[in-house]
Amino acid sequence: MALPLKDYIDLAKRRGHSDRYIEEITSYITNLQANNLPVIFSITHLAICLNMRVSSVRKIADLEVEYFDEPKSESHNDPSKERKITEKPYLYFRLRKKNGGTREIMVPNQRLKKIQQWILKYILEKVPLDKVCTGFRKGYSIKENASIHKGAECVLNIDLLRFFDMITRNRVWGLFKQLGYHPSLAYLFADLTTAYHKDIYWNKIKEEGIKELNELGRESSRILPQGAPTSPMISNIICRSLDNRLSKLAEKCNCKYSRYADDITFSGGEKNIPTLKLVTQIIEDEGFFINRDKVRYQYRGKKQYVTGLSVADETKVRVPRAKKREIRQVIHYCLKYGVKSHQEKTGKSKKHFREWLMGNIAFIHSIEPEYAKKLFDRANRIDWAS
């Protein structure tokens, strides 16, 4: 993908560039290579890496909807092989949240998604993260995150308010610039990985009276879209400073800290948990806000949950009893009355009921495999045609 540094310098000398230029280009290349990142100089260079036209990359970055398709022949100069493509950069749809609200999901079209996947693989996944960051990472899961806090005297759970919305285009630009890329290229990367909400989304924010987001709504800022493959890792990298400060605070207070996406957790002795005021100050200083409705202190002897899993037991993380009871009862009634009869009795007809049930058992298996094995054995006796 990149030439050795010596070859870049030799090429620059042959083209008659000044010593100062060679110094700057040497520093630029050395910095990126030291961080194991691909050396990219411009949009033209990026287009070559992507095997795409420069015009196509530029239009996609500007969120324009019309561009030329890549010709399938070897010649890129044959107009007869080209066709104009018109499509929206993102498909928008809304998902209902448990609290009754909705979240706007933005799924990139295939061409934009291809670019984002390249950025994710060759740039974002090369950036090191602290072990306290447990979300959206290979080798980590909600189980690993919850295990950090099991058996604690006190658990403090904090939810960040509209996490992705707070990560704007300017912050993403700053991220790529900090990684070592030229400012103009950093702007390009930011344009390729952020998007606009629909106006109706910001109108809803105003109706809900979320003052912390009023400024973003007024500016209709481009933000990190939920649904883009690059968004989770960008959020993790943006939060490196936040993780560093909060983990150092936890260490100083002799307690434990972890962050799974927008879920922040402290655990330890009741007197060791840092004050909410101090934690809030750090979080807001890092450009985020706390969702005050989702701050929870959980004490030993009562229910304690971290990212949806029970951590009250000192020896192991468990699936909440209510979830296991729900799945156990569904299997029991399906065996006793039949699938269709059970759904009619409960009035809860699921379009993909079998997939829903087996998926829930698979989730339980990822946390408590021995318990899930018994559920699988019983579920396999269900007559799905009944």
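Trainee: If buried means under 20% relative accessible area, exposed over 50% and partly exposed in between (1.4 Å probe, protein chains only), which residues of H11 are buried?
Mentor: Ser231, Met233, Ile234, Ser235, Asn236, Ile237 and Ile238. This is a predicted model, where local features need pLDDT of at least 70 and side-chain atom pairs count only at pLDDT 80 or more, while totals for chains, interfaces and linings use all residues. Residues are numbered from 1 along each chain as its sequence is written, and side-chain values use heavy atoms, with hydrogens and water left out.

Trainee: How many is that out of the whole helix?
Mentor: Seven of the eight residues of H11 (residues 231-238) are buried, so the helix is mostly covered. Helices (H or I, at least four residues) and strands (E, at least two) are DSSP runs, numbered from the N terminus.

Trainee: New topic. How many aromatic pairs does the structure hold?
Mentor: Twelve. Rings of Phe, Tyr and Trp (its six-membered ring) pair if their centres lie within 6.5 Å; planes under 30 degrees apart are stacked, over 60 edge-to-face, the rest tilted.

Trainee: Are Phe353 and Trp356 buried or partly exposed?
Mentor: One of each. Phe353 counts as buried because its relative accessible area is 8%. Trp356 has 23% relative accessibility, so it is partly exposed.

Trainee: Which residues do ring pairs link into a cluster?
Mentor: Phe163, Phe164 and Phe288. Phe288 also has the charged end of Arg171 over its ring, 4.6 Å from the centre. For that, NZ of Lys or CZ of Arg must be within 6 Å of the ring centre and within 35 degrees of the ring normal.

Trainee: What about Lys345, which ring does it lie over?
Mentor: Lys345 is over the face of Tyr337, 5.0 Å from the ring centre.
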